[in-house]
Amino acid sequence: MLTSGTGTESRKTVTICRGPSLKKYNYMILDDLGYNDKLEKFRVDNNLLGFKIGRVITEHKERYIVKTADGDYEAEIVGNMRFSAKGREDFPAVGDWVAVTTYDSDFAIIHKILPRFSVIKRQAVGQFGEVQIIAANIDYAFLVQAVDRDFNINRLERYLTICNSSGVKPVIVLSKTDLTDEMRLNEISDSLKARIKNVPVFAISNETLNGFESIRRFIEKGKTYCMLGSSGVGKSTLLNNLSGKTIMRTDTISQSTNKGRHITTNRELIILDGGGVLIDNPGMKEVGITDSTNGLELTFEAIISLSGNCRFKDCTHTKEAGCCVIEAVENGEIDRGTYDNYLRLEREKEYYISTVAERRKRDMEFGKMLKNYKKDAKKNTDQGKGVI
Ligand SMILES: Nc1nc2c(ncn2[C@@H]2O[C@H](COP(=O)(O)OP(=O)(O)OP(=O)(O)O)[C@@H](O)[C@H]2O)c(=O)[nH]1
Ligand SMILES: [Mg+2]
Ligand SMILES: [Zn+2]
């Protein structure tokens, strides 16, 4: 099999030597989780045949649960991984494929993170210049906004920027359509058409299940989908509806008892019966962007392509004469709201990049100072010993 037992067989060998039922069982689990030939090739090429392969399904303060072909394991990282980590991205995240060794029936050590094809990250809240990984190896992000109060096009563009810089395909999900009227829905639809191009939009109600079937059909076996959005917009309710089970607690109970809301506090990965992997996320208040140059270029493509014709190469598109972007805003070719939001996100990205650069410089200077200090200390000791 792929990952249980000795873990030394390759994918092909397994197919040949295992009994049909076990083979089917193991493949089902890992393939349903999104395991593919590229990951398997990495495992073979990197001498990881002695390890089991699993996917991180939840994380809490450096404790992980890893789903493998033969069950779920509580896991920690190997010491070496912690010592060599340069930043948050060197630690496992929900959605990661990892190579593990297992101990007992429920404990594992993570030895390696397999290469990620996408990483959704944001600015860590309260720690400017630090990133927080939201999830890894995501194919599609469901950007959920409730149409009754939560709809905000600037925030959608912010999420799009994050998706576009992460290699994740965005999908807009407008929820709670039962709580609004036709007129408001048309307004929202017009504003989406004016500002966001080429992104699929689903309008759904988790209550009446209107529009729900089309989103269910959209989900493919072996692909991973991540729920992103503010708190209370219906991410967990949608996940429960898609799974047909009450997997995630939602705040329904609290409304009747008034005993606090069951907001989601952890990221969690689940496999749908018909295939397809979903990751629920706690609602996010702040979605600060990081080094998202690429994401901004893709999200604000119309602005970026015009900017090539500005008179000055380093045009900031704010006040310069001969700025084609300003001209396009003035003649209505570019939406003013899009333009303002672009400038805001661009400033935020620049600020992030300069903060990180400053910190690196400070760290380097501190490292140099420490090295010199150690050198001086050694010289003094050697001189004390009469060594020249
Ligand atoms: N009327 C209506 N209520 C909904 C809909 N979707 C969700 N709700 C309700 O909205 C509340 C919040 O839903 P959740 O699914 O917990 O929201 P969430 O996005 O997971 O929130 P966090 O976990 O805090 O991020 C619950 O009381 C749901 O029953 C909908 O489409 N229509
Ligand atoms: Mg939730
Ligand atoms: Zn310009």
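Trainee: Where is Met284 found?

Mentor: Met284 sits in the loop between β13 and α10 (293-299). Helices (H or I, at least four residues) and strands (E, at least two) are DSSP runs, numbered from the N terminus. This is a predicted model, where local features need pLDDT of at least 70, side-chain atom pairs count only at pLDDT 80 or more, and totals for chains, interfaces and linings use all residues. Residues are numbered from 1 along each chain as its sequence is written, chains are lettered from A and ligands numbered from 1 in the order in which they are written, and side-chain values use heavy atoms, with hydrogens and water left out.

Trainee: Is Met284 buried or exposed?

Mentor: Buried means under 20% relative accessible area, exposed over 50%, partly exposed in between (1.4 Å probe, protein chains only). Met284 has 6%, so it is buried.

Trainee: Which residues is Met284 in contact with, leaving aside its neighbours within four places in sequence?

Mentor: Contact means heavy atoms within 4.5 Å. The partners of Met284 are Arg122, Ile134, Tyr159, Leu228, Gly229, Ser230 and Ser231. Gly229 is 55 residues apart from Met284 along the chain, yet their C-alpha atoms are separated by 6.1 Å.

Trainee: How do I read the sheet?

Mentor: Strands of a sheet pair through backbone hydrogen bonds, either parallel or antiparallel. Two strands pair if DSSP finds at least two bridges between them. Here six strands form an open sheet with mixed pairing, in the order β10-β9-β8-β11-β13-β12. β10 (201-203) and β12 (268-271) are the edges; each has a single partner strand, so one side of each has no neighbour in the sheet.

Trainee: In which sense do β8 and β11 pair?

Mentor: Strand β8 (residues 140-146) and strand β11 (residues 224-229) are parallel, over five bridges. Phe142 stands opposite Met227 in β11.

Trainee: How many disulfides does a search of the whole structure find?

Mentor: A disulfide is a pair of cysteine sulfur atoms within 2.5 Å. The search finds zero. Take Cys163: the closest cysteine sulfur, in Cys226, is 8.4 Å from its own, too far for a bond. Cys163 is buried, at 0% relative accessible area.

Trainee: What about the length and sides of α6?

Mentor: The expected span of a helix is 1.5 Å times one less than its number of residues. Helix α6 (residues 182-195) has 14 residues and should span 20 Å; its end C-alpha atoms are 20 Å apart, which agrees. Its buried residues are Ile188, Leu192 and Arg195. They cover an arc of only 80° around the axis, so they lie on the same side of α6. The arc is that of the directions from the helix axis to the C-beta atoms. On the other side of α6, Glu182, Met183 and Lys193 are exposed.
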